Amino acid sequence: MISYLASSRRSQEIKEILADLEALKTHTEYSQAARVNISFFKAIRSPVSFLWWLIFKAPALRRNRSLITEIGDLPLPKWQRAGLDMLSGFEAMVPGMLRLVKEKVLSQIIELQSHTTRPIVMLSLGCGGMELERQVIYELIRQRSRVASIFVGVDYSPTVPEIVTDRFKPLLSKGLLQMETTTEVDLDHLNRLKVADGPQQFRIIILNTDAFELECLPENFFDCAYHTRLAHHLTAEEHRALNRLALHLAPRLIEFDDLFSIRNLVLASFFAWRFPAGFGGVIFSYLRDHSRRELLSRPADGAKIEVAYTKPIWCYLKEYQKEPLLRADPG
Ligand SMILES: C[S@@+](CC[C@H](N)C(=O)[O-])C[C@H]1O[C@@H](n2cnc3c(N)ncnc32)[C@H](O)[C@@H]1O
């Protein structure tokens, strides 16, 4: 009975997605992406047709990765939300999905905290549901950290403020966290938020805007910048521009993403099958991801690269440092 209900909910969701994609076919900017997605969502109506798609269609898409646009990158907020909810849910349930980057972000915060008493200001580009920050904050609480930490999450999806507020409800209701959303990159306002002394040790500022809007902020406005599972959404040119911007905004940048591997594809097919919108996102993401060989054969642009198998997936972490991380304390 339960499996019948789950499967009829799944079929219904695919029907709704297909109707929304059909409507996008007439949109000049998204027409091509809509067609690619329609072929995928029709295929996942049954395991056999999905297998057929995987064997005969996916390899051609991987060779022309620029043709792949995830459903989450189309102007369909309902499916953006479904995809981000699923991603955050998996990241919360499967520790290996974030372990590598969580350890790195935590070690940055702890290192910075040992040299200052002012709040540490972290910048998360394409922050999505902020599951990484949720786990980092819980770990800082567990370690009885005393220094204030501010996480500025930037994301242009209109669904992000609601998703993040939902995920942080327990911390908000315990009075451990202060949260604010803004759509304007206003230097004076951000400066005030950075120094404001509230009773809460942790603060989240959601900047609901395109990451490139931050170009107007001064150099080293943040202590450390990072992005997770964002790189594969960008073209090579956008990726380079975003990393340049991040290294203008902070002395250090951490980049984290998955790697293409058949193992990742198979696991995703197995676990995400029940959630069509999220499933589309995850399969298209893996098809866009670099393989290990591609990653290591490209210029590192001064980054230290770590490739890791953190059960159950292959992922990588790049660390860029513009200048020594520790800066003199202002005042
Ligand atoms: C796959 S999600 C990753 C979310 C989160 N970082 C994580 O690891 O769970 C990528 C996010 O980047 C956002 N995004 C993509 N391009 C962006 C841009 N130019 N500016 C702001 N956000 C962007 C999307 O809206 C999406 O929420």
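**A look at the core**

Modeller: Let's start with how the chain comes together: of the contacts between residues at least 6 apart in sequence, 78% join residues at least 24 apart. Please keep in mind that this is a predicted model. The protein contains 14 helices and eight strands, and 37% of its 331 residues count as buried. For a chain of 331 residues, a compact globule would have a radius of gyration near 20 Å, and the protein agrees with this because its own value is 20 Å. Along the principal axes, its C-alpha trace spans about 65 × 45 × 40 Å.

Now to the part you asked about. The largest nonpolar core has 78 residues, and those touching the most other members are Met122, Val152, Phe222, Ala225 and Ala250. Helix 13 (residues 276-288) gives this core its largest share, seven residues. Both domain 1 (2-79) and domain 2 (81-258 + 290-321) supply members, so the core lies between them.

Let's zoom in on Ala225. Once neighbours within four places in sequence are set aside, Ala225 is in contact with Leu123 and Leu125, and also with Ala246, Leu249, Ala250 and Leu253. Ala250 is a name you have met already, as it is among the core residues that touch the most other members.

How do the two domains sit beside each other? Their C-alpha centres are 29 Å apart, and seven residues of domain 1 are in contact with eight residues of domain 2. On the domain 1 side of that contact there are three nonpolar, two polar and two charged residues.

Next, the ligand. The shell around the ligand holds 19 residues, of which Gly126, Gly128, Ser157, Ala211 and Arg229 come nearest. By class, this shell has seven nonpolar, seven polar and five charged residues. Helix 5 (residues 77-93) provides the largest share of the shell, four residues.

Let's compare burial at two spots in the chain. Met130, in the loop between strand 1 (120-125) and helix 7 (131-142), counts as buried because it has 24 C-beta neighbours inside 10 Å. Gln113, found in helix 6 (residues 99-113), has 19 such neighbours inside 10 Å and therefore counts as partly exposed. The cut-off for buried is 20 or more. Beyond its neighbours within four places in sequence, Gln113 is in contact with Ile120, Ser145 and Val147. Gln113 and Asp223 are 110 residues apart in sequence, while their C-alpha atoms are 11 Å apart in space.

Finally, a few details of the backbone. Most residues other than glycine have a negative phi, and most peptide bonds are trans. Met130 is not a glycine, yet its phi is positive, about 55 degrees. Asn220 also has a positive phi, near 55 degrees, and is found in the loop between strand 4 (202-207) and strand 5 (224-228). Asn220 is partly exposed, because 15 other C-beta atoms are within 10 Å. The peptide bond joining Lys311 and Pro312 is cis, with omega about 5 degrees. You will find Pro312 in the loop between strand 7 (304-310) and strand 8 (313-321).

Key:
Residues numbered from 1 in each chain as written. Predicted model: local features only at pLDDT ≥ 70, side-chain atom pairs only at ≥ 80, totals over all residues. Near = placed C-beta within 6 Å. Nonpolar A, V, L, I, M, F, W, Y, C, P; charged D, E, K, R; others polar. Core = buried A, V, L, I, M, F, W, Y, C linked by C-beta atoms within 7 Å. Buried ≥ 20, exposed ≤ 12 C-beta atoms within 10 Å, placed from the backbone. Domains from an automatic or database assignment. Contact = placed C-beta atoms within 7 Å. Rg over C-alpha atoms; globule rule 2.2 N^0.38 Å.
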